[in-house]
Amino acid sequence: MLSIHFSTADLSRIRIAREPDPAWEILLSLHALGGPADHVVFGPWRTETLTRLDASARMLLALAPPRGYSPDFLTPAGARDVRSAVEAVLSTGRRRLRADLAQLAVRRRMPSWTRLLAEGDAETMGRLGSALNRYHDRVLARRWDRIRAVTEAERALRARDFLDGGAERLLGCLGPPVRWEPPVLTVDYPVDQELRLRGRGLRLIPSYFCWRRPITLLDEELAPVLVYPANRGLHLLTGPERPGRSALARLLGQTRASVLEEIALSGGTTGADIARRLGMAPASAGAHTAVLRSTGLIATHRVADTARHTLTPLGLALIEGHLPTDDGPYGTGPPDPEH
């Protein structure tokens with residue numbers, strides 16, 4: 001169990017990340033790559049991605065095992081893009097490198113090159129930076145628009161929660177693995193961990209590749225963050241060809257099924273985006289979304305002058321071919337790492 005202790009000052013200092021965090025998406029996607037090939041969400045993506053990796057990815061996979069601890073220095077605070085994230089990783093001091101890699105070595109046998117990394121060896125650090133950049137370019141860059149759409153839609157939903165009920169509602173709506181019992185936010189977690197915010201507030205980071213339950217840093221002295229699954233798993237669909245697609249089209253009609261799938265794939269999109277991507281008139285896209293909304297398959301929320309459509313749990317259940325359960329849309333995945 002993870003217990004995050006809030007003070008009154010902390011409640012006024014909750015922030016939601018504006019952009020997908022490149023360092024966390026790299027780390028959590030590496031966790032997914034190390035997971036089972038038949039994973040209900042990331043299995044097909046994993047199979048496809050493994051064909052695009054080069055030898056440099058071995059370095060990253062050694063530092064980011066799918067279960068257990070991953071070094072805190074791999075996810076520096078506040079990076080807005082991959083370049084600044086990599087620069088922050090490469091500027092990590094020797095004390096932090098030694099402490100984090102020693103923590104990792106307690107749990108698993110490490111390659112010999114990690115001794116050089118722990119000392120901040122310039123050549124080894126350079127190899128790490130190159131590996132991070134190459135991995136992002138080969139694996140995440142082509143998916144970044146979708147990652148951004150999912151996290152932006154999630155941020156809009158949490159902003160609405162805050163406007164409707166303040167910090168209490170925001171913290172209470174983060175999903176089934178999270179419970180708000182003032183003044184403590186408790187998270188189902190593989191290990192027992194305490195995080196006392198001490199007036200520093202908490203940065204919430206919705207993540208595309210975070211699966212099943214949230215994750216945080218191990219070192220309590222670092223800037224407090226809670227990374228959690230974006231949009232309660234509504235980004236789960238990883239490609240347009242899935243079992244049951246023809247059945248969905250027979251039920252809804254081909255065009256309306258395509259609209260529902262587009263909303264699912266984007267994690268939250270506008271009528272104009274649907275019309276552009278599917279090559280239909282905006283009025284036609286609006287008519288289809290109106291029907292889907294009236295039948296409870298999608299929800300529409302407005303941010304400024306833009307209306308975004310997202311799947312409801314019923315819509316997700318229809319897409320995935322099963323009925324909702326008490327566990328919500330998370331399903332069953334590999335045990336999450338403690339970070």
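**Close-up views of a predicted model**

**View 1. Strand 4 holds the bridge partner of Ser3, which is Thr186.** Strand 1 and strand 4 run antiparallel and are joined by four bridges; two strands are said to pair if DSSP finds at least two bridges between them. Strands (E, at least two residues) and helices (H or I, at least four) are DSSP runs, numbered from the N terminus. The open sheet here has four strands in the order 3-4-1-5, and its pairing is mixed. Strand 3 and strand 5 are the edge strands, each pairing on one side only. From one strand to the next, the twist averages 15°.

The model is predicted: local features need pLDDT of at least 70, side-chain atom pairs count only at pLDDT 80 or more, and totals for chains, interfaces and linings use all residues. Residues are numbered from 1 along each chain as its sequence is written, and side-chain values use heavy atoms, with hydrogens and water left out.

**View 2. A cis peptide bond links Pro182 to Pro183.** The omega of this bond is near 5°. Pro183 sits in the loop between strand 3 (178–181) and strand 4 (184–187).

**View 3. Arg198, though not a glycine, has a positive phi of about 55°.** Arg198 belongs to the loop that lies between strand 5 (193–196) and strand 6 (202–207).

**View 4. Helix 12 (residues 271–278) packs on helix 13 (residues 282–294) at an angle of about 115°.** The two axes are 8 Å apart; axes are lines fitted to C-alpha atoms, for helices over the stretch in contact, and angles run from 0 to 180 degrees between N-to-C directions. On the helix 12 side, Gly271, Ile274 and Ala275 meet Pro282, Ala285 and Thr289 of helix 13. Contact means heavy atoms within 4.5 Å. The residues of this contact comprise four nonpolar, two polar and no charged. In this division Ala, Val, Leu, Ile, Met, Phe, Trp, Tyr, Cys and Pro count as nonpolar, Asp, Glu, Lys and Arg as charged, and the others, Gly among them, as polar.

**View 5. Asp161 lies in helix 9 (residues 144–172).** Asp161 counts as buried because its relative accessibility is 5%; buried means under 20% relative accessible area, exposed over 50%, and partly exposed in between (1.4 Å probe, protein chains only). Apart from neighbours within four places in sequence, Asp161 is in contact with Gly166, Arg169, Leu170 and Cys173.

**View 6. Arg115 is part of helix 7 (residues 113–118).** With a relative accessibility of 63%, Arg115 counts as exposed. Leu97 is 18 residues from Arg115 in sequence, and their C-alpha atoms are 9.9 Å apart.

**View 7. Confidence in the protein is lowest in helix 14 (residues 313–320), at a mean of 72, and highest in strand 1 (residues 2–5), at 97.** The value is pLDDT, the predictor's confidence in each residue, from 0 to 100. Over the protein the mean pLDDT is 85, with 86% of residues at 70 or more. Residues 233–243 stay under 50, and the model has 31 contacts for them beyond four places in sequence. The pLDDT is also below 50 over residues 322–339, a stretch with 61 contacts in the model beyond near neighbours in sequence.
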